[in-house]
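I opened this notebook to keep track of what I looked up, entry by entry. I begin with some strands and then turn to the pockets.

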Amino acid sequence: MEYIQRAIQELQDKRGNQSGKRALVGLDGFVDTIIHIVAKRHGIGDDFSRIETIEDFGLRILGAVGKSANIEMYPKMEKLGGNGPIMANALCATGLPLTYIGALGKNAVHPVFEEFANKTSAVCVSDPGFTNALEFNDGKVMMGITKTLDDLNYESIIATMGEGAFLDTLSKSSLVALVNWTMIPQMNAIFAALTDRVLPSLPSIEGGRTFFFDLADPEKRGQADLIEALHAIAKFQSFGNVTLGLNLKEGQQVSEAYQLGENGEDADSLKRLTAKIRRELNVSTVVVHPTRCAACATKDGEWCVDGPYVENPKITTGAGDHFNAGFSTGQILGLSPEACLTVGVSVSGFYVRTAVSPSLNDIDSFLRSW
């Protein structure tokens, strides 16, 4: 495919552009337990056949109506989680230095984050949430405990870090990624503090500043809340280039909130969806990434690329965050929107096959063997 060859060439030509760049990422943090649901157990340990689809899981639950059910959850692994830490970890793997601010442990870093906290000079503002990630071949169900994230706000960040250190970190960051709006109740107030009080006095940075936002499934939030958040996000455009990253479900929810009339999954529908959302918000870039492809829109046009889909992934939790990291890496390097999409689906594709975040060399090799 020609767009893959173009991405390989652009990545080769512009890899040096990452030199001197830094990122600031936040604000959530979760301890993720990756879980398979047992259908039939044959012996001890992992000797079982799993429930492979969300539909079959739903039917098992529905079968308990008026009765009861005993459903075994088998933990495959415990790992760092949350949109922010997973995206930040993937950015680190590409070689981008960053500072992480978020919910990694208030009084002491949770053990699952220790290595991550050390390599990202992390600022730990609150205790992490906890997620049981129920993985199936056709998707995942994230069961989260998020009460600890109530403590995340602008004041607690400043109290933990100090205003001077926060402003210094922000001023040196070419990429500022603030993700998981849905699960951080005071995120709108954090957005407002930044656009109203902090960013107007922040010095510019060579090459400009990119702001990346991810909603993280806003289904549990009302449409008025969602629209308020999107308007708050759009205000960052006055201080740099705003990218809004959405999975397909999130893109459809935004379309419904603004009555844009787009919910298709084919390439043309996705391009129309990204273009309409971008025009509605008047931001630089909008990305929508289903599982099999990804599309984006800028003021210069719309693009859609196919992804390296795999039927039996090793892991799916964090695939979208890896796409976001890959796309943002492309932006930091100065790649074209089409190449940013291609790098994004490659980072995600590598990760779901290996459960490892790829380096730039890994991405190059993956693209050449696609």
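How many residues lie between S13 and S14 in their hairpin? I found 2 residues between them. Before going further I noted that this is a predicted model, in which local features need pLDDT of at least 70 and side-chain atom pairs count only at pLDDT 80 or more, while totals for chains, interfaces and linings use all residues. I also noted that residues are numbered from 1 along each chain as its sequence is written, and that side-chain values use heavy atoms, with hydrogens and water left out.

**Entry on the strands.** The element names follow DSSP runs, numbered from the N terminus, with helices (H or I) of at least four residues and strands (E) of at least two. I counted two strands as paired if DSSP finds at least two bridges between them. On that basis S13, residues 293-298, pairs with S14, residues 301-306, in the antiparallel sense over 6 bridges, and Ala297 has Glu302 as its bridge partner in S14. S12, residues 285-289, is also antiparallel to S13, over 3 bridges, with Val288 opposite Ala295. S12 and S13 form a hairpin as well, with 3 residues between them.

**Entry on burial.** I took buried to mean under 20% relative accessible area, exposed over 50% and partly exposed in between, with a 1.4 Å probe and protein chains only. For S13, 6 of its 6 residues are buried, with Cys293, Ala295 and Ala297 on one side and Ala294, Cys296 and Thr298 on the other.

**Entry on the pockets.** I used a 1 Å grid over the protein atoms alone, where a pocket is an open set of points that a 1.4 Å probe fits, with protein on both sides within 12 Å along at least five of seven lines, and where lining residues have an atom within 4 Å of a point. A volume is the space filled by probe spheres set on the points, which are joined across faces, edges and corners.

The largest pocket has a volume of about 1,600 Å³. It is lined by 49 residues, and those closest to its centre are Lys140, Asn247, Thr291, Thr316 and Gly320. Elements that each supply at least two lining residues include strand S2 (30-41), helix H11 (319-333) and helix H12 (337-354).

The second largest pocket holds about 390 Å³. Of its 22 lining residues, Thr210, Asn241, Ser284, Thr285 and Gln331 are the closest to its centre. H11 and H12 are the elements that give two or more residues to this lining, and H11 gives the most, with 3 residues.
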